[in-house]
Structures are given as structure tokens and as C-alpha cells.
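Hi,

Here is the structure I said I would pass on.

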Amino acid sequence: MTFRLLARGGQRFTSLGTRQVHGPVLHSRSLAVIPNLKASTNAFTLKSAASLTLRRNMSSRAAGGSAPRIRTIPFHPVPALMILTALLCLGVGLYEYFLSDLQKYPAPVRQALRRALYYQNKNDIPLSLKYFREALELAVGSPELERDGAPLTGIMIQLGTYLASLGRNPEAKQTLTLALRHLLGLENDCIIRDQTEGSVSTDTAEKKPDSAMFEEDVSALDPFVQKKVVGIAQKLGDIHAAMRRDDEAEKWYTWAVEHLLRISSRPTSKYGDDGDGLVFDKEHMPKWLTNTELGGSLETLGQFYADRNKYKYAMPLYLQALTLAGVDTCHATVIMNNLSEGFAAMGRLEEAKNWAERGVELAQNPNTRKANKDGEICDDTCGVLLYNLGMIYEQMDDKTGAMVFYSKAKKHGQEFKNIDVVQEANQALRRLQ
């Protein structure tokens, strides 16, 4: 039985939001070499998660094979909002864009958008959707708006993410896929404009299938557009995952990650005699891409695999994400806990113990919480890590060590008012007494 703090980058570039990977994780045509990482190096950090979840995976010895239970750890929302700032900039959160740039739209579109945003703010879902769809229909038919421009695709992205937030995933998928097609120029050739009449018609025969998007050279696009493309791809991964379409979700996640790794890599040979082999090099990252954003993408895909018990794919992602960031925030403790849980699930208990101990040490360091003023995350994670250490010692048949850490977890939970940790620690202590 183990607790796990999950880190979701989520939208992610998640909620929008990658890794040293070999094998089937990446379906890359050009990323042949990605650096090896070891779990024994110094501590690391990562700054990209949308939520923390306390997850208990019951071992067959402790719980007779009962199903895992998911519980949410309450924590102050400010750290999560700070973490999400870097993710939302990748193209998903466009509400402010509309508020500041409505004048770029033709009058009929502008009027419908104002109404859509007004009713969305009032939480009137039927009317907000009605006017968003009206605005989109008018925008698509307007000769004044470019097919791949920010105004038109902005409406699609706003509507798609809004639909996803309402749980209307099939509609969200359709809308965001359309936005991506427009951004990649797949809809441009399908539109025939009559310059004299200003009319618009669609030649459906020339449309490329959605699968053609995965063959497009995203690196040729403007950096801001690349951010939006990656953000939408990861959001589509989220949506497909929520719809239990794991193969499609993996395809979107890995496509986004492959692009970020590709543009952040250099040839394996400076003489060009190694074919198209590439190796990730932090110094080759484009200026518009931050460590936080790339790390968030790695973590998102890592979490996808971890949630499906594919830890051999998840662990390298977590490790490279941590390597990118360095050690100076409380969110590093979340990733260390994920690593500990993963190694425990793989039966590598000594490595699981080492990562949990390093996470506790980092969480209890008073300087850690100063970096991003995210001490609440340190406090929550520390309790879970202490409990996890108890679980690890119990699995190692060290009853005394297990009781020591369960007691520490209980004390920590009481001090920081973490009811979940207190309750679970109490149950564990009663079981061992």
C-alpha cells in the first residue's frame, strides 16, 4: 500500500501541462539519442503541476488486492495557480486575449463574442455556448479573418477548452482538432475566396485527414504558434485520456513532446556523419521555451504512464524533468514522491526509500519553500512522503521502522492539519500494533 502525490501538468503545456526516452514511448523519426539519467544523482525540482492527489495503492499483503482509492489532499490554491501560469501561456488560456483584442474582430463576430464571454462569466452555459458557436460560425465565414490567424483560432481554442471544462469531451475534441488544423494550415487550401463578391466556399475534396497533422513541420511556424500547437496537442491528450482512448491520448502527448525535444536537440555528430541522430541539449532549447514548460510536458506524459502502471516509461520522464529544473522548489518533492512510488511498484524498494528520504529532506529544508513561496506543497508532500516511508519499511518487513515513520506522518499531519495523512497513519499503526 502506498500513498502517492500526483503532479498533473494538465491543461497543460494543462491542465494544459519530456523526457529521456528509449523504446516505444517516443515514436520519433529523428530523436535517436536522448541522455541517460540515473536516480542516484543530486536532488531535483520541477515547477509544473495543476493539482495534487493523494493516491493509495493497496498491496496484496496489506489490503487483499482491493481496488486503489483516490483522495484529494486539500491545499492552498495559490501555489497551483503560480505553477499553472507557465502552462497556460502555451495557448490554452485565451480569455484575456479576447478581452484585450476584441476590436480585431468584425462587428458581428465581436458582438457575439462579447455575449459569449458575458454569459460564460455569469455561468449561463446554454447561452454562452450559443453565442460562442454563433461567433465561430460568423468568424469562419468572414473574409476579413485569416484561416490560420490568432483571432479565428482563438475562438476555437476558447470554445474547445470551455467544452472540456464542462466535461463535453467529444465536442471539445472536435473543436480543438479544428483549431489545430487551422493553425497548421490544413484548412487554408480548402477555402476558395471570391475576391470580387467576398464569398467563401469550401472544397472538401482537397482536405487532408487529421492524421496529416502529425506529419507537419511545426518547427517552421512562429514560436507563439508553436506554443499554441503544443498546448492544444497536450489538451487533446487529456481529453482522449478522459475518454479512455489511451492509444490516441499517447499519440498526442508524445507528438507534443517529440517536437519540444527535437527543437531542443543537436546532432549526435558535429560532422553530420550520424544520419539524423539527435541528442537533447539544454543549451539548444529555443529562447521561447523554458525549463518549466519542457519539464511540465515531460511530467504530464510521465503521469500518463504512471497512472497506467507503465512505470518503466514514466520514470525516465520524471527524471529528465527533474534534471531540467534543479533543486529549489517544493514541487521537486512531489516528483521525488512519484519516483519513490514508481520504484516501489517496480519492486525496487531501496531506490524507493532513497527517493522518499531525499524528498523529506528537501521538504523539511526551510530554504526550499522560499524559492516560489510554495510552502504548502512542501508541507502536504512531506506528510505523504513520511507515510510512504512507513509503507516501504513495512514492505521490507521492518515493522519497527515502519511504525517510526507512520508515527512521524501522523504527527506531521496533525501539525499541518492534513486529515488524510492522519487517518491513514492511524490505520497503519493499528494494523501493526
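In H14, Asp379, Cys382, Gly383, Leu386, Tyr387, Leu389, Gly390, Met391, Tyr393 and Glu394 meet Gly401, Ala402, Phe405, Tyr406, Lys408, Ala409 and His412 of H15. Contact here means heavy atoms within 4.5 Å, and helices (H or I, at least four residues) are DSSP runs, numbered from the N terminus.

Before going on, the housekeeping: this is a predicted model, where local features need pLDDT of at least 70 and side-chain atom pairs count only at pLDDT 80 or more, while totals for chains, interfaces and linings use all residues. Residues are numbered from 1 along each chain as its sequence is written, and side-chain values use heavy atoms, with hydrogens and water left out.

Back to that pair. H14 (residues 375–395) and H15 (residues 399–415) pack at about 160°, with axes 7 Å apart. That makes H14 roughly antiparallel to H15, and their crossing is left-handed. For the terms: axes are lines fitted to C-alpha atoms, for helices over the stretch in contact, and angles run from 0 to 180 degrees between N-to-C directions. Angles under 35 degrees count as roughly parallel, over 145 as roughly antiparallel, 65 to 115 as roughly perpendicular and the rest as oblique. A crossing is left-handed if the near helix is turned anticlockwise from the far one by less than a right angle, and right-handed if clockwise.

H14 has 21 residues, and its first and last C-alpha atoms are 30 Å apart, close to the 30 Å expected at 1.5 Å a residue (the expected span is 1.5 Å times one less than the number of residues). Of those 21 residues, 19 are buried, so H14 is largely enclosed by the rest of the structure. Buried means under 20% relative accessible area, exposed over 50%, and partly exposed in between (1.4 Å probe, protein chains only).

The next pair along is H15 with H16 (419–432). Their angle is about 155° and their axes are 8 Å apart; they are therefore roughly antiparallel to each other. H15 passes H16 in a left-handed crossing. Among the residues meeting here are Ala402, Met403 and Tyr406 of H15, and Val421, Val422 and Ala425 of H16.

**Two loops with positive phi**

Most residues other than glycine have a negative phi. Asp397, in the loop between H14 and H15, has a positive phi near 65°, and is exposed at 64% relative accessible area. Lys417 sits in the loop between H15 and H16, with a positive phi near 55°; at 69% relative accessibility, Lys417 also counts as exposed.

**The core**

Which residues touch the most other members of the largest nonpolar core? Leu180 and Trp255 do, out of 105 residues, and the largest share, eleven residues, comes from H14. A nonpolar core is a set of buried Ala, Val, Leu, Ile, Met, Phe, Trp, Tyr and Cys residues joined through side-chain atoms within 4.5 Å. Leaving aside neighbours within four places in sequence, Trp255 is in contact with Leu180, Leu184, Met213, Phe214, Val218, Val229 and Ala233.

Helix H8 (residues 223–242) holds Lys228, which is buried, with a relative accessible area of 3%. Lys228 and Ala179 are 49 residues apart in sequence, but their C-alpha atoms are 9.7 Å apart in space.

H4 (residues 107–121) and H6 (residues 150–165) pack at about 25°, with axes 13 Å apart, which makes H4 roughly parallel to H6. The contact is made by Val109, Leu113, Leu117 and Gln120 of H4 and Ile155, Gln158 and Tyr162 of H6, and H4 passes H6 in a left-handed crossing. H6 is mostly covered, with 14 of its 16 residues buried, and just after H6, Gly167 takes a positive phi of about 80°.

Last is H13 (residues 349–364): its 16 residues should span 22 Å at 1.5 Å a residue, and the end C-alpha atoms are 22 Å apart, which agrees. Its buried residues include Lys353, Trp355 and Arg358.

Cheers
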